[in-house]
Protein chains: 2
Amino acid sequence: MQGDNLQKIKKKQKFLDILSQKTKTRFLLKKKSEKEIPKRKNSPLFNHVPEIVIQRLPIYIRILTKIQKQGKLQISSNLLGELSGISPGIIRKDLNYFGRFGKQGSGYQVIELKDTLKTILGLDGTWNVGVIGLGKLGDAIASYTGFTNAGFRIVALFDTDEKLHGKKISRITIQSLDELKRSVKTRNIKIAIISTPSNQSQDVANRLIDSGVKCILNYTQSSLKVPKEIILKHVDPISTLQSMAFHLKNYHLNK
Amino acid sequence: MQGDNLQKIKKKQKFLDILSQKTKTRFLLKKKSEKEIPKRKNSPLFNHVPEIVIQRLPIYIRILTKIQKQGKLQISSNLLGELSGISPGIIRKDLNYFGRFGKQGSGYQVIELKDTLKTILGLDGTWNVGVIGLGKLGDAIASYTGFTNAGFRIVALFDTDEKLHGKKISRITIQSLDELKRSVKTRNIKIAIISTPSNQSQDVANRLIDSGVKCILNYTQSSLKVPKEIILKHVDPISTLQSMAFHLKNYHLNK
């Protein structure tokens, strides 16, 4: 019983210590708040950041942009969590990879955090993008106006179909694939989107890599083989639907 | 020193035990090879399978389907790894969640593995799907013929634009959203794809859920808020491009 009491006293003391620490910190931060800037970790390359963390940063940027438009200057990790569907604990951990953001009690500075995340992701400038394959899907991609605000500009369109050559989508002229290499060089295109039929995608990918493209976003149903140094992602709604069907079958219909 | 020796002997014994166990298993498998069917783990719900594993199953199905078309009956985890870009070790571990597939030396039975994975994912039948929002992107989705072979059939199209009502895409008539609730019920639609403008997506999601849809594939730029029991995925090429830009900036351009 005495041991129990002792433990209770110790716990209470610990609680008071933490409380006083928090109050101190808050006080210090209040004084320094105007000068606070995020401190980056040593490595500018962020080599050890898990891919899943990188994938969440655009979500934070999207929400911060929205919040900024609403005129808010600060956001708590709780609200950021509520708006993103990601738990506040994960958000704090994610941001910790890149430095020290936010202050106990007052949350994150919206503009500062957004700008820093954009710089980290390489979105402080604009990347030129080429689209190959202008069927219905490619047309929808090329017509989409959301790329520009997100850090990307579609500057070149290519298709094998001669009937499309010379036509324009959003003021960009569709060219023959013979123009690919020259265009990638002159327009400094590092990122390409493939929306060709599946059976053309590997050949197109090879030609893109040969031309100097480093990033490929594959919108076709085929998996692509590319050298290790090429950054490749697959927009694959069929697979997404199929993995959703698993949950539908195993959870909902068994209730 | 004596303790060390004792441990060494124990280790050796353990190794011999495992080896003998393996040889026995291999022998048993060889004798029973024709009758072997995958043994599922106890829970038919697969409650503890990580999401990332579920997401890889469609990739295996796609490759197995291709291999089957080429007339091959068996595939090694090494070849499956080469064709999918996923390491053979991960593939074996993934499949282990669902039972015991494959045999030492001869690999996996292509048709059996494909059919079992399809059953696990709930793709042994066909899911009816509705598409809401028939702009360029929705049109491209509704026109896409690849859904049927993958276990999905688009059976209903909806748009708020009156001018589109009555028009057809791939023989399906575009309806008013007023028809949503009735159509979801009568056509037994559990899965819906939202390809509306971003500012309409949350309202459409609410109406879908109210109508009885359980799975939503969100093709818009907005994050959606849905109740916990709703299965929600986001096809978000902007975020994908943004996470690719990170690698482009931090690896390629720093070389």
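Predicted model: local features only at pLDDT ≥ 70, side-chain atom pairs only at ≥ 80, totals over all residues.
Of the 255 residues in chain A, 44% are buried. The chain contains 10 helices and nine strands. When contacts between residues at least 6 apart in the sequence of chain A are considered, 59% join residues at least 24 apart.

Chain B is superposed on chain A by a rotation of 180°, with 0.0 Å of shift along the axis and an RMSD of 0.0 Å. This is the relation of a two-fold axis. Within chain B, the C-alpha nearest the axis belongs to Leu137(B), at 3.3 Å from it. The same surface serves both copies, as 100% of the contact residues of chain B recur in chain A.

Over all chains, a search of the whole structure finds four aromatic pairs. One of them is formed by Tyr97(A) and Phe98(A), whose rings are tilted, at 6.5 Å centre to centre and with 55° between the planes. Tyr97(A) counts as partly exposed because its relative accessibility is 31%, whereas Phe98(A), at 0%, counts as buried. In chain B, Tyr97(B) and Phe98(B) form a tilted pair, with 6.5 Å centre to centre and 55° between the planes. Tyr97(B) has a relative accessible area of 29% and is therefore partly exposed; Phe98(B), with a relative accessible area of 0%, is buried.

Definitions and conventions: Residues numbered from 1 in each chain as written. Chains lettered and ligands numbered in written order. Heavy atoms only, no water. Helix = DSSP H or I, 4+ residues; strand = E, 2+ residues; numbered from the N terminus. Buried < 20%, exposed > 50% of the residue type's maximum accessible area, 1.4 Å probe, protein only. Contact = heavy atoms within 4.5 Å. Least-squares fit on C-alpha atoms with pLDDT ≥ 70 in both. Phe/Tyr/Trp six-rings, centres within 6.5 Å; stacked < 30°, edge-to-face > 60°.
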